[in-house]
Amino acid sequence: MGLAGCKAFIAAPRGRTAGKSLQGRAFLHDYDWHQDAGFGVLELIMTAPVVVASWISLQYYGSSVAPALIGRGNKLLHNVIGGIGVVEGNGGLLRPGLPWQSVHDGDTYAHEPLRLTVYIEAPRAAMSDVLERHPGVRALFDNRWLHLFALNETGAMAWRNAGDLEWEEVARERIIEADMRAHRNPARMRAIGRATIDLIRRARRRCPACDAPGYGLTERVAGLPCAGCGAPTMLCRADVLSCQRCGHRAEIPLQPAHADPAHCADCNP
Ligand SMILES: [Zn+2]
Ligand SMILES: [Zn+2]
C-alpha cells in the first residue's frame, strides 16, 4: 500500500476483510486467536507491527497538521547536513517528519490526518494483558494517539478500549448525521469563504482619518424615510463604517433613498 492515507490496522482472520474495499488504507494481519495458544502472536502483533504502524501514522499525522513544527518542509530546498539530516534552504533547524510533497499533492492533502484505528479480533482480557505488560504500547491507546477496538466472534466492532485497561461496549444502533467538519461541509465552506473574503477586504481598507487598516462596516442604521409621508421606517437608510483605532465614523446612505409606503407604519398600518 501507499502509506499516505493509512487509517486502520486490522488483525483478524483474512476472511473478515476478503472482498471488502479498504481503498488501500489499512494495514492487514491475518490472525486467528483460536490458533494462538498463550496469545504469544497477539503480543507480537500489538508490540511490533502496531507500533510500527503508529510511527507511520503519527508521522503523517504530525506532518499534515503541524508541518512547520514536525514536517520536513519543501523537498526541493533540502540540503543534507553532516550526513544526519536535512535543513530547508541554507539554514535553520534540522527538519524532522515528512516533506510537504509527501502529504500534499499541490491541490489537496494526500493524507487525511486521522489517528490510526486498530481493530483486533481477540478476547479483551488477552489484549488488556498485553497492554498491562507493555506500558509504552498502552500509553499510545490511553493517550488516544491510536484507537483500539475488539472485534467479536462475528467480526463485528463490539468493544472500544476506553483507556486504563477498560473497555466500553460499542452501541448497536448507528447514528447517522451530516459531516459538519469545516473541510467537508459545502455550506460551511461557502460561508467560511465569504467570511474570509469580507475579512480580507476589511483588513485591506484603511481609515481615511488615521490610515489604520481594518476600517469597515460596523453597523446599519434603520429609519429609511417613507416615500409618501417622510416618516422613518424600519428599513435601513445607511451603513456605518468605522475605525477601531481612532473612532472615525462615516455614514454611507443607501440607495434608494426612500422606502415604499408599503413599509410605512403610517401609510400602510
Ligand atoms: Zn482611524
Ligand atoms: Zn408614510
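Predicted model: local features only at pLDDT ≥ 70, side-chain atom pairs only at ≥ 80, totals over all residues.
Let me begin with the helices. Helix α1, which covers residues 40–47, and helix α4, which covers residues 124–133, have axes that come within 10 Å of each other and cross at roughly 55 degrees. As for the sense of the crossing, α1 and α4 form a right-handed one. If you look at the residues that make this contact, α1 contributes Leu-42, Glu-43 and Met-46, while α4 contributes Ala-126, Met-127 and Val-130. Sorted by class, the contact of α1 with α4 has five nonpolar residues and one charged residue, with no polar ones.

Now to the sheet, which is open and has three strands in the order β9-β10-β11, paired in antiparallel fashion. Which strands stand at the edges? They are β9, at 216–222, and β11, at 249–253, and each has a single partner strand, so one side of each is left without a neighbour in the sheet. On average, and with direction ignored, neighbouring strands here are turned by 30 degrees against each other.

Staying with one of these pairings, strand β10, residues 236–242, runs antiparallel to β11 and is joined to it by five bridges.

Definitions and conventions. Residues numbered from 1 in each chain as written. Chains lettered and ligands numbered in written order. Axes fitted to C-alpha atoms, helices over the stretch in contact; angles between N-to-C directions. Helix = DSSP H or I, 4+ residues; strand = E, 2+ residues; numbered from the N terminus. Left-handed = near helix turned anticlockwise from the far one by under 90°. Contact = placed C-beta atoms within 7 Å. Nonpolar A, V, L, I, M, F, W, Y, C, P; charged D, E, K, R; others polar. Pairing = 2+ DSSP bridges.
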